Amino acid sequence: MAETTYLQAITDAMREEMLRDPRVFLLGEDIGVYGGAFKVTKGLIDEFGEERVMDTPISEAAIVGVAVGAALTGMRPIAEMQFADFITSGFSQLVTNAATLHYRYGTAVPMVVRAPSGGGIHGGAFHSKNPEAWFVHQPGLKVVAPATARDAKGLLKSAVRDDNPVLFFENKYLYRRIKDEIDPGEELLVPLGRAHIARAGGDVSIITYGAMVHAAQEAADKLAAEEGVEAEIIDLRSLQPLDKEAIFAAVMRTNRVVIVHEANLTGGIGGEIAALISEHAFEALDAPIKRVAGLDTPIPYAPAMEEFWRPNAEKIAQAVREVIRF
């Protein structure tokens with residue numbers, strides 16, 4: 001077993017898939033010689049050459065467009081957006097082309113778009129967005145958001161092998177902070193669309209994903225130690241497809257729900273989850289559903305203001321207290 005960071009797990013997943021399948025190649029800004037803005041692709045150009053680790057012009061529209069075209073010819077591209085914020089420049093290629101081609105022509109579109117997302121690194125309004133909900137809204141796209149190093153590796157390998165376009169939101173705050181013991185020889189595949197119980201508990205279910213899984217863990221530990229409240233944590237892992245059965249089962253177990261995401265509140269995935277619970281599991285609820293999310297403003301640059309903007313353990317704990325006391 002090797003202690004592996006979230007970042008290294010992603011690198012390892014790409015290397016393993018490139019060794020396994022010669023159709024897999026990487027493209028993006030500065031991913032080759034420089035090794036990527038966060039060094040996720042460091043060393044891969046030396047191993048696979050510039051034909052499979054391609055530095056591109058600074059054009060997200062071109063990067064996504066090339067990935068779509070390559071996927072249609074049978075290749076399996078992994079495209080990197082240097083920051084998830086910049087994915088908007090390739091928005092039309094994703095939602096108009098990649099997402100609809102299977103429906104229109106019956107063809108596979110096997111491509112992955114890696115999108116380093118989230119705050120906590122003081123990147124300001126242009127380098128901290130969490131735009132996953134935009135793409136959950138678009139039929140034909142799969143959306144993944146791992147919270148752990150193990151899931152980052154297993155989900156990325158599964159995404160590369162999927163015949164559909166997959167958006168892979170990797171929270172850059174976790175890159176070097178989160179580690180797992182991973183066997184380098186293990187064929188680690190985590191299926192898309194299956195949630196995971198990250199923490200057992202019978203008093204309330206916290207439903208979340210990405211970096212907020214760790215904030216929820218901190219809140220749950222504090223609540224258990226200080227107030228005797230045992231919170232269950234559901235790590236969604238995939239947002240599209242969404243593991244609805246896991247969500248409904250959690251509601252049935254605890255009868256109270258807090259939904260947490262770092263993206264701003266309005267239009268976030270939390271609203272969709274709350275609606276699903278209201279439609280299909282309302283009678284199991286003993287309290288109103290609470291949402292904890294980012295503020296409906298651009299993400300501030302100043303560290304103190306950014307910390308105020310983001311959900312954290314105390315905000316999650318307070319939401320849990322409110323549903324427990326209802």
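The model is predicted. Its sheet has five strands in the order β9-β11-β10-β13-β14, and the pairing within this open sheet is mixed. The helix is α8, which covers residues 212–227, and the elements that cover its buried residues include β9, β10, β11 and β13 as well as α12.

**The sheet**

- Strands β9 (196–199) and β14 (290–294) stand at the edges with a single partner strand each, so one side of each is left without a neighbour in the sheet.
- On average, and with direction ignored, neighbouring strands of this sheet are turned by 25° against each other.
- Strand β10, residues 204–208, pairs with strand β11, residues 231–235, in the parallel sense, and the pairing runs over five bridges.
- Within this part of the sheet, I207 stands opposite I234 in β11.

**The length and end of helix α8**

- The 16 residues of α8 should span 22 Å at 1.5 Å a residue, and this agrees with its end C-alpha atoms, which are 21 Å apart.
- The residue that follows α8 is G228, and the phi of G228 is positive, near 70°.

- The buried residues in α8 are M212, V213, A215, A216, A219, A220 and L223.
- Seen down the axis of α8, these buried residues fall within an arc of 155°, and therefore they line one face of the helix.
- On the other side of α8, by contrast, E218, A225 and E226 are exposed.
- Among the elements covering the buried residues of α8 are strand β13 (257–264) and helix α12 (313–325).

Notes: Residues are numbered from 1 along each chain as its sequence is written. This is a predicted model: local features need pLDDT of at least 70, side-chain atom pairs count only at pLDDT 80 or more; totals for chains, interfaces and linings use all residues. Side-chain values use heavy atoms; hydrogens and water are left out. Two strands pair if DSSP finds at least two bridges between them. Helices (H or I, at least four residues) and strands (E, at least two) are DSSP runs, numbered from the N terminus. Axes are lines fitted to C-alpha atoms, for helices over the stretch in contact, and angles run from 0 to 180 degrees between N-to-C directions. The expected span of a helix is 1.5 Å times one less than its number of residues. Buried means under 20% relative accessible area, exposed over 50%, partly exposed in between (1.4 Å probe, protein chains only). The arc is that of the directions from the helix axis to the C-beta atoms. Contact means heavy atoms within 4.5 Å.
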